Amino acid sequence: MTYDLTFAKEVYENSEEGHWIKMCMQCGVCAGSCPMGFLGAWTHSPRQLFQMVRAGLRDEVLSSTDMWMCTSCYNCIVRCPRNLPITHIIHGLARYASVQGKADPKQSTHHFAKDIFWENIVATGRVGEAALTMKLYFKDGIGEGIKQGLEMKDSALGMLKAKRLKPLPFRGKIKGYPGFKAMLKKAFELENQKEGKA
Amino acid sequence: MEKKIGCYICTGCGIGDALDVKALGNIATKEQKIPVVKNHEFLCGTEGIAMIRKDLTDEGVNALVIAGCSHRVKNEEFRLGIAQMDRVDLRDKCLWVLDVPEGDDTAEEDRQMMAEDYIRIGCVKVKKMNDPNPYEASTPFSKVVLVVGGGIAGLTAALEVARTGYQAILVEKGETLGGQVAKMHKVSPARAPYNKLEENPLPMLLAEVKGNKNIRIMNNTVVQKTVGAPGLFDVTLNHNGTAAVERVGSIIVATGFQAYDPGKLDKKLGYGSSPDVITSMEFEEMAKAGKIVRKSDGKPAKRVAFSLCAGQRDTSHLEYCSGACCVYSLKQALYVIENHPDASAYLIYQEVRTPGQMEDFYRKVQNEGGIFIKGDVNKVTSGSSGLTLEVNDKLLRQGVTMEVDLLVLATGMETTMDTTDPNSASPVGKQVDELPGSILNLQYRQGPGLPSLKNNFPDSHFICFPYETRRTGIYVAGPARRPMGIAATCTDAAGAALKAIQVVESVARGAAVHPRAGDLSFPSFREEGCTQCKRCTEECPFGAINEDEKGNPLFNPTRCRRCGTCMGACPQKIISFANYSVDMIGSMLKEMEIPEADDEKPRILVFACENDAIPALDMVGRSHAGALSPYIRIIPLRCMGSMSLVWIADAMASGYDGVLLMGCRHGTDYQCHNVRGSALAEIRLSKVSETLDRLQLESSRVKMVEVNIMDAETLPQVINGFVAEISALDPNPYKGF
Ligand code: SF4
Ligand code: SF4
Ligand code: SF4
Ligand code: SF4
């Protein structure tokens, strides 16, 4: 039944800044401000996603790719007359969808954030840029990887020259890596606790 | 007492540098024969004013021509207790609007000519003035205020009147006071932080009204008949079948609203199809009784949907927004939510309209979990588990179905006041009989009700002149005037109370109220000349003139707003004021100097309405909107409605090349301060071509434009454009006759 509040309440309680969604007045300023809208990258604008949450459309919201398209430009936050922290709500929804196992694992931003970026940074405690780039290029197979690599070759060389890219893929772990691991462990603990999985 | 005019020319503000003041003085002295003519370099300063005052006491000067700035500034300074006075504007509408390059002799000469003409007409105007004789009635004026309607608007109005020290009679047709608000459970917030429901204010208000010695309460009473005029209203009050006449000074109508009949709503909203589809008022009564339940089976109603705009803003029902239903639906949603922790309140809306602080209340309801759906209820079916609504959800862009226990229809408000179409022909030659259902039963020639502004609401301009109806001394407050909620109604009632007091005080002094507040003159007419044409009685926008059996006009001076529409309408030119007449303006325009055709200096006469066009003209110079043609000559009129066609003929015969009339916007959304003045002028003007034909002149020489007070930016273009059009024609052949 539409407008059953179970899902809305679930989001208000569990998704980061999700409780703000009830304060949206559907003015559409965010939709008109979002560059992703001009690019046609989403099917539902922030405002529509919020109404879908309120309407209880759980599957549509959580399996949507819309919130994964946010570039964190903060245009919407700056303009929202109701002061909703829209960008954060959108990120919260994306994360919540991921945690709930509803987000498409192959959706690029999701895949990048969850697998490529996360694994990269956890492995050493720092971002290994070259490895990160390689993984990103090759995520869709060797052929695609080579093609993308060649396309970006000039940029890469330029960045190397300008010392914006480290040539060596592996620089080892950060100092105090065990401390970093312990911090992550604690963070997971806290998070699981919050989400009732402890 | 012999009139002795003093003419004082200010040389400050650059006037002395730009103009040949000595020559201006000579015009006043030699040509206009003004006995006392003086200059001062700072006339509005202490010394300048002292100079004038000295002449008033020592020289016996008793009429003034003050030449300097616009009459709209320095009012305090020049308020010298002299009724016969004119302010000649050499600065704002002459110096400041003319482009005179350094060393350009022609431009300087043009400017001087304009200033000289303005001195001339100022002198003529004052010569043609008389001291007003404030109107005194043969029977005593009353200062009692009659308040009709005992709901929250009437109670508040009566109390405000009483607290100010005036007597009020509060008339209620029913047995008990309190009106619609008496039925309410709680009210939406009226004070900061605007997010809590408040207790019904009525019991306290009632106690105060009942305890106030200045208020006489009459229940079971209706107004059978209203005769007379402000200060002199004789109202027949029928109390339980016994009629008695009361004299009152002014009347506040606070009869409130009537909720739109839900039976007339579209079937798809389901009213009548199930006892669980109810109106807001029915829901309010449920809440007051503490029983928010399904009417069908008495089970608690935990899921309540509110359909906002149930008929409002819908051309087949009520065309307009009712203004208060969004807010009261929010309030009722809170009843639901606060009643059960697991209840849901759905607001199905078009737009949520929460003016002012009510935005905070809207947030409150959102925060408490109110569910907002933009869309329309398309179908209602009832079953054992409640009502099923089919809603077209405009936000989700799909149809949705929902189950609820109750559907509350937020119906709109209609006025309870009987109104008449302001444009319909008025019943000629007879008094109107008592009208069943009329609130006041006015014995006015123009009908028993109040003219409506829009959608049958009896205002004369919602924004510019709230509470003012088109019947002087009668003010409408609360939802009888326009749809509104409780807080706005209370403010409205207080406003109307002040207006009602203002009018009884003004009338007692013989003074006019809005828009010519304080004017002591009133129209007088020369009966011998009257042809009983009835133009004055028909055209008076305020219904001030009745008629005797023979068709002669019977003026009611205290109803009059001094607009002069009757004066402009009268083909016999027999209506005039002590300080305004057909002869005065005619003489002024004839007094100006018209250069020979060979001089190639055309003259364009501009009649400008004092209410909007004159302030706009004053702003042209101030805002540097651009220069005006030096060939124009402006004569202010108190209202375009006072425009007499004789002036147009006179202007043409005197050799003016064109006449431009600048009046307020008329028609729908008019801005005319006298409601119909500019509209009537336009109608009159449509006949001007006859006059021009008779004189064998082009009809394009006379043009009327609508000017708004904000039009300073565009005025140079309008005026100079007209001057260019006229200059393209041959000069008026009557020049020099
Ligand atoms: S700008 Fe803010 S209030 Fe407006 S639709 Fe977006 S989130 Fe809602
Ligand atoms: S922050 Fe994200 S959702 Fe907001 S405007 Fe930028 S891209 Fe769109
Ligand atoms: S037309 Fe104007 S001036 Fe004449 S009686 Fe009516 S209100 Fe008074
Ligand atoms: S307009 Fe003049 S002539 Fe006509 S009825 Fe009125 S006073 Fe008489």
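Predicted model: local features only at pLDDT ≥ 70, side-chain atom pairs only at ≥ 80, totals over all residues.
Around ligand 4, the shell of residues comprises nine nonpolar, three polar and two charged members. In total 14 residues surround ligand 4, and the closest are B:Cys530, B:Cys533, B:Lys534, B:Cys536 and B:Cys570.

Ligand 3 is likewise surrounded by residues of chain B, among them B:Cys540 and B:Cys560. Its shell holds 14 residues, and the closest also include B:Cys563, B:Gly564 and B:Cys566. By class, the shell around ligand 3 divides into ten nonpolar, two polar and two charged residues.

Ligand 2 is surrounded by residues of chain A: A:Cys34 and A:Pro35, then A:Cys70, A:Thr71, A:Ser72, A:Cys73, A:Tyr74, A:Asn75 and A:Cys76, and finally A:Thr87. Six of the residues in the shell of ligand 2 are nonpolar and four are polar, with no charged residue. Ligand 2 sits in the largest cavity.

The two chains may now be described in turn. Chain A contains twelve helices and zero strands, so its order of elements from the N terminus is α-α-α-α-α-α-α-α-α-α-α-α. Its C-alpha trace spans about 55 × 40 × 30 Å along the principal axes. Of the 198 residues in chain A, 36% are buried.

Chain B has 737 residues, of which 58% are buried. Its secondary structure amounts to 18 helices and 33 strands. Taken along the principal axes, the C-alpha atoms of chain B fill a box of roughly 95 × 60 × 55 Å.

Strand E30 of chain B covers residues 604-609, and six of its six residues are buried. In a regular strand the side chains alternate between the two faces of the sheet. In E30(B), one side carries B:Ile604, B:Val606 and B:Ala608, while the other carries B:Leu605, B:Phe607 and B:Cys609. Both of these faces are covered, since every one of the residues named is buried.

E30(B) runs parallel to strand E31 of chain B (residues 632-637), to which six bridges join it. Within this pairing, B:Leu605 stands opposite B:Arg633 in E31(B).

Beyond E32, the loop between E32 and helix H16 (677-685) of chain B contains B:His666. B:His666 counts as buried because its relative accessibility is 18%, under the 20% limit. The C-alpha atoms of B:His666 and B:Glu682 are 9.0 Å apart in space, with 16 residues of separation in sequence.

Elsewhere in chain B, an antiparallel pairing is found between strand E10 (residues 221-227) and strand E11 (residues 233-239), over six bridges. B:Thr226 stands opposite B:Val235 in E11(B). E10(B) and E11(B) form a hairpin with five residues between them, and in the turn B:Gly228 has a positive phi of about 105 degrees.

Most residues other than glycine have a negative phi, and most peptide bonds are trans. Against that background, B:Asn441 has a positive phi, near 50 degrees. B:Asn441 is placed in the loop between strand E23 (419-420) and strand E24 (450-451) of chain B, and it counts as buried because its relative accessibility is 3%. B:Tyr467 also has a positive phi, of about 75 degrees, although it is not a glycine. The loop between E24 and strand E25 (474-476) of chain B holds B:Tyr467, which counts as buried because its relative accessibility is 15%.

The bond from B:Ala192 to B:Pro193 is cis, with omega near 0 degrees, and B:Pro193 lies in the loop between strand E7 (186-187) and strand E8 (198-199) of chain B. The bond from B:His514 to B:Pro515 is cis as well, again with omega near 0 degrees. B:Pro515 is located in the loop between helix H10 (486-509) and strand E26 (524-525) of chain B.

Note on methods
Residues numbered from 1 in each chain as written. Chains lettered and ligands numbered in written order. Heavy atoms only, no water. Pairing = 2+ DSSP bridges. Helix = DSSP H or I, 4+ residues; strand = E, 2+ residues; numbered from the N terminus. Buried < 20%, exposed > 50% of the residue type's maximum accessible area, 1.4 Å probe, protein only. Near = heavy atom within 4 Å. Nonpolar A, V, L, I, M, F, W, Y, C, P; charged D, E, K, R; others polar. 1 Å grid on protein atoms, 1.4 Å probe; cavity = no way out; pocket = protein on both sides within 12 Å on 5 of 7 lines; lining within 4 Å. Sits in = over half its atoms within 2 Å of the grid points.
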